[in-house]
Amino acid sequence: MKVLITGTAGFIGSHLAQRLLKEGFEVLGLDCINDYYDVNLKYDRLEKAGIVKSEIADGKITQSNKFDKYRFVKLMLEDKVALDALFKTEEFDYVVNLAAQAGVRYSIDNPYAYIDSNIIGFINILEACRYNKIKHLVYASSSSVYGLNEQIPFSTSSCTDHPMSLYAATKKANELMAHTYSQLYNLPTTGLRFFTVYGPWGRPDMALFLFAEAARKGEAINVYNYGEMMRDFTYVDDIVEGILRATKHIPKKNTNWSGKNPDSSYSSAPYTVYNIGNNSPVKLMDFITAIENELGTEIKKNMLPLQAGDVPKTFANVEDLIRDVDYKPETTVEHGIKQFLNWYKIYYNV
């Protein structure tokens with residue numbers, strides 16, 4: 001089977017590409033390699049999979065020197081002409097769309113970046129899947145879609161109509177757009193709501209990375225909501241396992257679905273959404289303590305109020321994931337933090 005993975009220079013995408021290659025899939029990776037954060041980290045992720053930086057050029061497919069079945073193309077999802085040509089030429093079986101403009105806080109100052117990548121880019125993916133008979137489109141959503149919802153744990157059947165950031169709104173829009181294409185064109189789609197992903201090769205704007213950087217430099221970290229936060233931290237390998245299983249599980253039309261009592265997690269169309277979270281929220285201060293214990297040092301802290309767009313607590317109900325693909329993330333934060341810090345120390349030579 002041939003799979004297109006968008007966002008393969010990114011955190012999750014780089015891990016997923018290597019996992020699918022080890023499973024025997026043929027993989028074409030796509031990424032625009034924007035400068036939202038350090039592009040050197042993105043190129044280093046690609047190089048780990050055998051994609052050489054000096055050989056990468058816009059629109060040119062680069063062959064990995066490590067995996068025979070892995071190739072990469074630098075391309076923006078907003079480039080509809082180039083994307084359509086790629087789909088027509090490559091004849092993909094599956095598409096896993098992880099490419100997106102990430103970050104809740106960044107969306108407050110840079111809203112148009114989210115419309116370009118997350119809305120225009122996603123409609124281009126949907127159209128390409130529609131016209132090229134893709135067997136299954138899997139795409140990244142986010143726990144941020146739950147917004148003002150305080151029904152804990154977050155269920156895929158719960159209301160997601162009150163986002164707190166434009167980033168969250170674009171992810172909710174992706175789910176609605178995907179359902180429309182599932183309904184109109186019988187395109188099987190699965191949305192995955194990721195919960196606070198962390199681990200080796202993680203993004204520099206995420207909490208664990210920021211905390212490790214501050215500790216290395218002897219600087220203070222910003223602790224928002226005065227530490228009264230809880231997050232369902234989910235290790236990247238668990239996320240990848242969930243994506244792999246969900247990709248193989250192609251949704252079908254559900255004859256039990258009723259418009260008189262609609263459940264938003266599935267449909268009469270071949271459409272579904274899942275939470276992928278650890279199902280075990282951790283207090284932010286406990287998370288910080290685990291980092292300090294692993295580093296053997298106390299980190300200075302700036303205690304600050306809740307930021308605009310942030311939610312105080314996330315908690316994933318993963319019953320649907322267990323039911324359909326027999327999987328539940330279980331990596332502890334202690335193990336995950338240790339794995340991240342081991343990578344961090346080697347990568348930055350500290």
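Student: Which residue just after H7 takes a positive phi?

Tutor: Gly 218 does, with a phi of about 70 degrees. Helices (H or I, at least four residues) and strands (E, at least two) are DSSP runs, numbered from the N terminus. Please note that this is a predicted model, in which local features need pLDDT of at least 70 and side-chain atom pairs count only at pLDDT 80 or more, while totals for chains, interfaces and linings use all residues. Residues are numbered from 1 along each chain as its sequence is written, and side-chain values use heavy atoms, with hydrogens and water left out.

Student: Which residues of helix H7 are buried?

Tutor: Buried means under 20% relative accessible area, exposed over 50%, and partly exposed in between (1.4 Å probe, protein chains only). In H7, residues 207-217, the buried ones are Leu 208, Phe 209, Phe 211, Ala 212, Glu 213 and Ala 214.

Student: What covers the buried residues of H7?

Tutor: The cover includes strands S8 (197-198) and S9 (221-223), together with helices H9 (284-295) and H11 (333-347).

Student: How is a pair of aromatic rings described?

Tutor: One gives the distance of the centres and the angle of the planes. Rings of Phe, Tyr and Trp (its six-membered ring) pair if their centres lie within 6.5 Å; planes under 30 degrees apart count as stacked, over 60 as edge-to-face and the rest as tilted. This structure holds 26 aromatic pairs.

Student: Why does Trp 343 count as buried?

Tutor: Trp 343 counts as buried because its relative accessibility is 10%. Tyr 348 has 26%, and therefore counts as partly exposed.

Student: Where does Lys 42 lie?

Tutor: Lys 42 lies over the face of Tyr 37, at 4.5 Å from the ring centre. A charge sits over a ring if NZ of Lys or CZ of Arg is within 6 Å of the ring centre and within 35 degrees of the ring normal. Likewise, the charged end of Arg 130 is placed over the ring of Tyr 185, 3.9 Å from its centre.

Student: Which residues does Lys 53 touch, not counting residues up to four places away in sequence?

Tutor: Contact means heavy atoms within 4.5 Å. On that basis, Lys 53 touches Asn 40 and Tyr 43. Lys 53 lies in the loop between helix H2 (39-48) and strand S3 (61-63).
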